[in-house]
Amino acid sequence: MEYFNFSFKVLVLGDGGVGKTSLSRRFATGKFSEDYISTIGVNLFSKTITVNGKKVKLLLWDPGGQEKFKNLLPKYYEGGSCGLVVYDVTKPLTLKKCSWWINEVIRHCGKIPLILVGNKIDLGRQVSTEEGRAVANSLNLHFIETSAKNQTNVEKAFSLLGEMVLKT
Ligand code: GDP
Ligand code: MG
C-alpha cells in the first residue's frame, strides 16, 4: 500500500501545446515524447515526493485538450490545492494568456499557491527570463523556467510547489 502524509490536487494549466502533459509525464514517469498527443478528458499523473520529511502525494490534473477551447469544466478546478500555470518561451502569446488562466483559477479555487512556469528553454526562446519574471512578479507568483525535454528544473518546479502547498 502506498504511504503518504498529505495528498494534493495539482492543476496544470496553460494554453494547448505549451508542454503541460510533457512536464506532468516527465515528473511522474521520467519519460518524454516528441509526439503531440491531445487526449480527451483529463490525464491524471501522480507522484509522491518528500518535502521537509513529509510524504506528499501530488495528483496532477492535466487537461486532455479542452484547454484549446478554454472551457475547462468546474469539476476540473474543484478541490484544486495548488497549480502550475505554464507558457512556452518560444511563443510570447502563451505568456500573455497566463493572466487569463490565473483569473480562472482564482474564480474557481480562490487564492491557492501557483507557480508561473516558462517551458521549452531548450529551444530558441522568444521570451526572456526577465520578461517572464516580471509577469510573475506583477501577478504575485513564484517563477521557474523548465525544459520537459532536457529535464531542466522539472523536479524543482514540483518540489517548490510541494513546499508552497505544505505551508498553507
Ligand atoms: P500540452 O498541450 O500543454 O499538454 O503540450 P504537450 O505536452 O502535448 O507538448 C506539446 C509539444 O511540445 C509536444 O510535441 C512536446 O513534445 C513538445 N514539448 C513539450 N515540452 C517541451 C520542451 O521542454 N522542449 C521541447 N523541445 N519540446 C517540448
Ligand atoms: Mg496535453
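1. In this predicted model, Glu 104 forms a salt bridge with Arg 107, with 3.1 Å between the closest N and O atoms. A salt bridge here is a side-chain nitrogen of Lys or Arg within 4 Å of a carboxyl oxygen of Asp or Glu. Both residues belong to helix α4 (residues 98-109) and are three residues apart, about one turn of the helix. Helices (H or I, at least four residues) and strands (E, at least two) are DSSP runs, numbered from the N terminus. Glu 104 is buried at 12% relative accessible area, whereas Arg 107 is exposed at 59%. The classes are buried under 20% relative accessible area, exposed over 50% and partly exposed in between, with a 1.4 Å probe and protein chains only.

2. On conventions: the model is predicted, local features need pLDDT of at least 70, side-chain atom pairs count only at pLDDT 80 or more, and totals for chains, interfaces and linings use all residues. Residues are numbered from 1 along each chain as its sequence is written, chains are lettered from A and ligands numbered from 1 in the order in which they are written, and side-chain values use heavy atoms, with hydrogens and water left out.

3. The whole structure holds eight salt bridges. One of them joins Glu 145 to Arg 125 at 2.8 Å, N to O. Glu 145 lies in strand β6 (residues 142-145) and Arg 125 in the loop between β5 (114-119) and α5 (129-138), so this pair ties together parts 20 residues apart in sequence. Glu 145 is buried at 11%, while Arg 125 is partly exposed at 33%. Asp 88, Lys 91 and Lys 120 are joined into one network by salt bridges that share partners. A further salt bridge links Glu 78 and Lys 75 at 3.5 Å, N to O; Lys 75 is exposed, with 55% relative accessibility.

4. There are five aromatic pairs. Rings of Phe, Tyr and Trp (its six-membered ring) pair if their centres lie within 6.5 Å; planes under 30 degrees apart count as stacked, over 60 as edge-to-face and the rest as tilted. Phe 6 and Phe 8 are stacked, at 6.1 Å centre to centre and 10 degrees between the planes. Phe 6 is partly exposed at 32% relative accessibility, and Phe 8 is buried at 13%.

5. Phe 27 and Phe 158 are also stacked, because their ring centres are 4.0 Å apart and their planes stand at 15 degrees. This pair links distant parts of the chain, 131 residues apart: Phe 27 is in helix α1 (residues 20-29) and Phe 158 in helix α6 (residues 154-167). Phe 27 is buried, with a relative accessible area of 1%, and Phe 158 is likewise buried at 1%. The charged end of Lys 47 sits over the ring of Phe 27, 4.9 Å from its centre. For this, NZ of Lys or CZ of Arg must be within 6 Å of the ring centre and within 35 degrees of the ring normal.

6. Trp 61, Tyr 76 and Tyr 77 are linked into a cluster by ring pairs. The charged end of Lys 9 sits over the ring of Trp 61, 3.5 Å from its centre.

7. Ligand 1 has polar side-chain atoms of Ser 22 at 2.6 Å from one of its oxygen atoms and of Asn 119 at 3.2 Å from a nitrogen atom. A backbone N or O atom of Lys 149 lies 3.3 Å from an oxygen atom of ligand 1.

Note on methods
Polar contact = N/O pair within 3.5 Å; in protein donor to acceptor, adjacent residues only side chain to side chain.
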